[in-house]
Amino acid sequence: MGDNSGKNRKLLSGAIAFITLMGIVSLFSDMTHEGARSILGEYLNLTGASAATIGFVSGIGELCGYSLRLLSGYVADKTKKYWMLIIAGYTMQVLAIPLLAFVPENGWLVACGLVVMERVGKAIKKPAKNTLVSFAASEVGTGKGFAYQEFLDQLGAFLGPVILFVISFVKGTNDLFSTYRLCFLVLGIPALITIILVIVSKIKYPNPEMFEKETDENAEFKIEKSFVIYMIAICFYAFGFADFTMITLHAAKTAAFPEISLSLLYALAMAVDAIAALFFGWLFDKIGLKAMVFATICSAFFACFVFLTDNSIFIIIGIVLWGIGMGAEDSIMKAAISKIVPRNMRSTGYGIFETGYGIAWFLGSWCLGALYDFNPVCLVVVSVVAQLCAICFYSLCIKARRNV
């Protein structure tokens, strides 16, 4: 009995250490690519890309970044080479950012290629990484495990834009192109730290599968009714959840905030995201998918506060609600997959989930962008209705799981 208890404690402490280490990897990775994202649109414009080109490349990048996860998830499950995919993906993703510093003044084609490269790198590593984290999270509480990693992840997403704001403030914006080049070079530091840490993680924890006690190696992944309903809910959620670039566009267009402070709005959203992830991850372990219903109710009306006003206070409230929704999405949604999909096919499950989510996000962003140009009220109506539809399907999924 004593030996068993000691072994369980060792397994638990190892799982916590692994999740923490992967969370720190995510922290430096997000510091790199989320920091870059806060200035990327304007930088691409300076390299000669038109607004239409920027929108197209961003959309294609996101589409590749999500749709390729179906393939990388399948490869991860078939080969079980989780670490190989994670290291290759992280390396491609984070090195694309400092390389942007070497793009010539009219090199928008090269810059756009690097943007797509960064998203493809994310697609390669994401299902395999989520699978390894799910093994360790099963030992500490699935919701808590994903939430803790997401907290560290979003801490990096908060710090990245803040660091770039400080660089821009100190260097000045008289020569914006050279200022942004310096920003991308500085982001090369957390990029290198990310690669080093992920290699250390592989050496220290070569087989994270050991953390999950329950084995279902012979279980077959069938497309069950609850999984289909869950995917419909996810797609409605993603379709109505406007990309943050739409929020910064509205904030800039209405002059609600000084231009130099726009990156700080994203930092605020990431800070809220981090705190919300911890809370809703804890709640998921207590009440299951009902936590996602509660989170979506909280965030469903963010568009009303953001897009129907030029009042800075209301826009900030909307950004806080948006951050709550993102925090829940990044913790609960992933945790739920590990409960629905058997362990031996979990990367495939994550691949299907993230591909569906990405396509819905791409189509939704495109639609909401067009509606914003037509009439922001139409954007708000579609966004809110889509979120409410998601709540209905989450409830149906809960009912379907209960009847299994």
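Reply: Rings of Phe, Tyr and Trp, the last taken by its six-membered ring, count as a pair if their centres lie within 6.5 Å. The model is a predicted one. One aromatic cluster in it is formed by Tyr237, Phe241, Phe302, Trp322, Phe353, Tyr357 and Trp361.

Across the whole structure, a search finds 20 aromatic pairs. In one of them, the ring centres of tyrosine 43 and phenylalanine 177 are 5.4 Å apart and the planes meet at 10°, so the pair is stacked, given that planes under 30 degrees apart count as such. Tyrosine 43 belongs to helix H1 (residues 2-46) and phenylalanine 177 to helix H6 (residues 176-186), so this pair ties together parts 134 residues apart in sequence. Tyrosine 43 is buried, with a relative accessible area of 0%; phenylalanine 177 is also buried, at 10%.

Tyrosine 43 forms an aromatic pair with phenylalanine 184 as well, edge-to-face, with 4.7 Å from centre to centre and 70° between the planes. That pair links helix H1 to helix H6 across 141 residues, and phenylalanine 184 is buried, as is tyrosine 43.

Leaving out residues up to four places away in sequence, tyrosine 230 touches Leu289, Ile332, Met333, Ala336, Ile337, Ile340, Tyr394 and Cys397.

How values were computed:
Residues are numbered from 1 along each chain as its sequence is written. This is a predicted model: local features need pLDDT of at least 70, side-chain atom pairs count only at pLDDT 80 or more; totals for chains, interfaces and linings use all residues. Side-chain values use heavy atoms; hydrogens and water are left out. Contact means heavy atoms within 4.5 Å. Rings of Phe, Tyr and Trp (its six-membered ring) pair if their centres lie within 6.5 Å; planes under 30 degrees apart count as stacked, over 60 as edge-to-face and the rest as tilted. Helices (H or I, at least four residues) and strands (E, at least two) are DSSP runs, numbered from the N terminus. Buried means under 20% relative accessible area, exposed over 50%, partly exposed in between (1.4 Å probe, protein chains only).
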